[in-house]
Amino acid sequence: MSKKRNIVLYIAASLDGYIAREDDSLDWLFKVEGEGDNGYSDFYGSVDSILIGRKTYDWVMEHEKGNFPYKDKDCYVFSNTESDDHEYVKFINGDIAAFSKQLKNQPGNNIWLVGGGGVIHSFMKEKLIDEIRLTVAPTIIGKGIPLFSKGDFEFELELIDIKRFNQFVELNYVVKK
């Protein structure tokens, strides 16, 4: 019997619920003293597919100086504009829900929903997220891009684990269905 694939939102946020400043800066996140890689390697090893929004993909490519960091995973970028696939990325500009449900039904490991805010909102609205692993930074930035936008949806979660990485805390929830 094959293991069910889950879509996991794995993301960091400020204590007041922002994933980035209004200008997309993550400077506040890198000022916090963590521990090792804050559990990233363990999580990364548990997924084989990555879902990411176009704006977040562009930010990653700019800050990684074109060196794509997810070369060993199947990576899908959701975009409203037509883009040519390349060696490491397949661009998706169709129905997010239909594509994601199809991907979940394929054999494999868990699927990492990277972000950003717009894609997270779409996944929340369609109730596609199975697990949330939220790393909270002990920082209040006051304004920025919210982790969760307002919407007509409600989720019940079950806390299944808590980990501390020096000043960071990771909260791991499963979505009750």
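**Note on the predicted model**

1. Asn 166 is placed in the loop between β9 (157–165) and β10. Helices here are DSSP runs of H or I with at least four residues, strands are runs of E with at least two, and both are numbered from the N terminus. The phi of Asn 166 is near 55 degrees, a positive value in a residue other than glycine. Asn 166 is partly exposed, with a relative accessible area of 24%. Under the terms used, buried means under 20% relative accessible area, exposed means over 50%, and partly exposed lies in between (1.4 Å probe, protein chains only).

2. On the basis of the note: this is a predicted model, in which local features need pLDDT of at least 70 and side-chain atom pairs count only at pLDDT 80 or more, while totals for chains, interfaces and linings use all residues. Residues are numbered from 1 along each chain as its sequence is written, and side-chain values use heavy atoms, with hydrogens and water left out.

3. Most residues other than glycine have a negative phi, and most peptide bonds are trans. Asp 24, which is not a glycine, has a positive phi of about 75 degrees. Asp 24 is found in the loop between β2 and α1 and is partly exposed, at 30% relative accessible area. The peptide bond from Gly 115 to Gly 116 is cis, with omega near 5 degrees, and Gly 116 belongs to the loop between β6 and α5.

4. The largest pocket has a volume of about 1300 Å³. A pocket is an open set of points, on a 1 Å grid over the protein atoms alone, where a 1.4 Å probe fits and with protein on both sides within 12 Å along at least five of seven lines; lining residues have an atom within 4 Å of a point. Grid points are joined across faces, edges and corners, and the volume is the space filled by probe spheres set on the points. The lining of the largest pocket comprises 45 residues, of which Ile 11, Leu 26, Thr 56, Trp 59 and Val 114 lie nearest its centre.

5. Which elements supply at least two residues each to the lining of the largest pocket? They are β1 (7–14), β2 (18–20), α1 (27–30), α3 (54–63), β6 (110–115) and α5 (117–125). Helix α3 gives the most, with six residues. The lining divides into 23 nonpolar, 16 polar and six charged residues. In this division Ala, Val, Leu, Ile, Met, Phe, Trp, Tyr, Cys and Pro count as nonpolar, Asp, Glu, Lys and Arg as charged, and the others, Gly among them, as polar.

6. Helix α3 also has a buried side. Thr 56, Tyr 57, Val 60 and Met 61 of α3 are buried. Seen down the axis of α3, the buried residues fall within an arc of 135 degrees, so they line one face of the helix; the arc is that of the directions from the helix axis to the C-beta atoms. These buried residues pack against β3 (47–53), β4 (74–78), β5 (89–92) and β6, contact meaning heavy atoms within 4.5 Å. On the other side of α3, Lys 55 and Glu 62 are exposed.

7. Eight salt bridges are found in a search of the whole structure (a side-chain nitrogen of Lys or Arg within 4 Å of a carboxyl oxygen of Asp or Glu). One of them joins Asp 130 to Lys 104, with the closest N and O atoms 2.6 Å apart. Asp 130 lies in the loop between α5 and β7 (131–137) and Lys 104 in helix α4 (residues 96–104), so the pair ties together parts that are 26 residues apart in sequence. Asp 130 is buried at 5% relative accessible area, and Lys 104 counts as buried at 17%. Lys 104, Asp 130 and Lys 177 are linked in a network of salt bridges.

8. Two further salt bridges may be set side by side. Glu 170 and Arg 133 meet through their side chains (3.0 Å, N to O). Glu 170 lies in strand β10 (residues 168–175) and Arg 133 in strand β7, so this pair ties together parts that are 37 residues apart in sequence. Both Glu 170 and Arg 133 are buried. The salt bridge of Asp 161 and Lys 163 has an N to O distance of 3.6 Å; Asp 161 is partly exposed at 30% relative accessible area, and Lys 163 is partly exposed at 33%.
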